Amino acid sequence: MSVKKVINYLFLGISWGCTFFVFTCLIGYLISGPAFLAPIVNNFPRQALGAVFVGIACGSTSIVYRIDRLSLGIQILIHFTLGMSGYFLAAFYLGWIPLENKWYMMTFIILGVLIFTAIWPMSGKELRTAVWVTLARSE
């Protein structure tokens, strides 16, 4: 696997992370108003870097699907484990998931797993094929 391909996946992950960050902020603002953005704006550099980190952890690790010698089950396990680990590390560190209430925390964890599970099929074969074709053209 070439360095250029790894860098392409890295930037693909960063763009996904930043895009989700913006949409999360927009949806939160529309639902909750300006108060939703206050903790983000007050600590914007850390929040933005957290989104980049999560994008790398969740998006860039999809490069594992390029490793043909691994079974699809192992590829999914690696991608899911790295992606969710990166997300939860950032989420706990940056306060995206409050630690005070166990039920609230469990709800966020279940929601994170459900979102990953919902997004993964959309980033399935069709999208991965489109991404791979785009990446192959850039080689």
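Visitor: Let's start with Gln 47. Is Gln 47 buried or exposed?
Guide: Gln 47 is buried, with a relative accessible area of 6%. Buried means under 20% relative accessible area, exposed means over 50%, and partly exposed lies in between (1.4 Å probe, protein chains only). Before going on, note that this is a predicted model: local features need pLDDT of at least 70, side-chain atom pairs count only at pLDDT 80 or more, and totals for chains, interfaces and linings use all residues. Residues are numbered from 1 along each chain as its sequence is written, and side-chain values use heavy atoms, with hydrogens and water left out.

Visitor: Where does Gln 47 sit?
Guide: In helix α3, residues 44–58. Helices (H or I, at least four residues) and strands (E, at least two) are DSSP runs, numbered from the N terminus.

Visitor: And which residues is Gln 47 in contact with?
Guide: Leaving aside neighbours within four places in sequence, Gln 47 is in contact with Phe 21, Pro 39, Ile 40, Leu 94 and Trp 96. Contact means heavy atoms within 4.5 Å. With Trp 96 there is also a polar contact, side chain to side chain, at 2.5 Å. A polar contact is a pair of N or O atoms within 3.5 Å; within protein, one must be able to donate a hydrogen and the other to accept it, and residues adjacent in sequence count only if both atoms are side-chain atoms.

Visitor: Is Trp 96 buried or partly exposed?
Guide: Trp 96 counts as partly exposed, at 26% relative accessibility.

Visitor: New topic: aromatics. How many aromatic pairs are there in the whole structure?
Guide: A search finds 5. Rings of Phe, Tyr and Trp (its six-membered ring) pair if their centres lie within 6.5 Å; planes under 30 degrees apart count as stacked, over 60 as edge-to-face and the rest as tilted. Take Tyr 87 and Phe 88: their ring centres are 4.9 Å apart and their planes are at 65°, so this pair is edge-to-face.

Visitor: What about Tyr 87 and Trp 96?
Guide: That pair is tilted, because the planes are at 35°, with the ring centres 6.4 Å apart. Tyr 87, Phe 88, Phe 92 and Trp 96 form one aromatic cluster. Within it, Tyr 87 is buried at 18% relative accessible area, and Phe 88 is buried at 13%.

Visitor: Which residues make up the largest nonpolar core?
Guide: There are 9 residues in all: Val 54, Met 84, Tyr 87, Phe 88, Ala 90, Ala 91, Ile 97, Met 105 and Phe 116. The largest share, 5 residues, comes from α4. A nonpolar core is a set of buried Ala, Val, Leu, Ile, Met, Phe, Trp, Tyr and Cys residues joined through side-chain atoms within 4.5 Å.

Visitor: Pick Ala 90. What is Ala 90 in contact with?
Guide: Gly 50, Phe 53, Val 54 and Trp 96, leaving aside neighbours within four places in sequence.

Visitor: Zooming out, how many helices and strands are in the chain?
Guide: The chain has 6 helices and 0 strands. Of its 139 residues, 32% count as buried.

Visitor: Last one. Which residues of α1 are buried?
Guide: Lys 5, Tyr 9, Gly 13, Ile 14, Gly 17, Phe 21, Cys 25 and Gly 28. After α1 comes Gly 33, with a positive phi near 85°.
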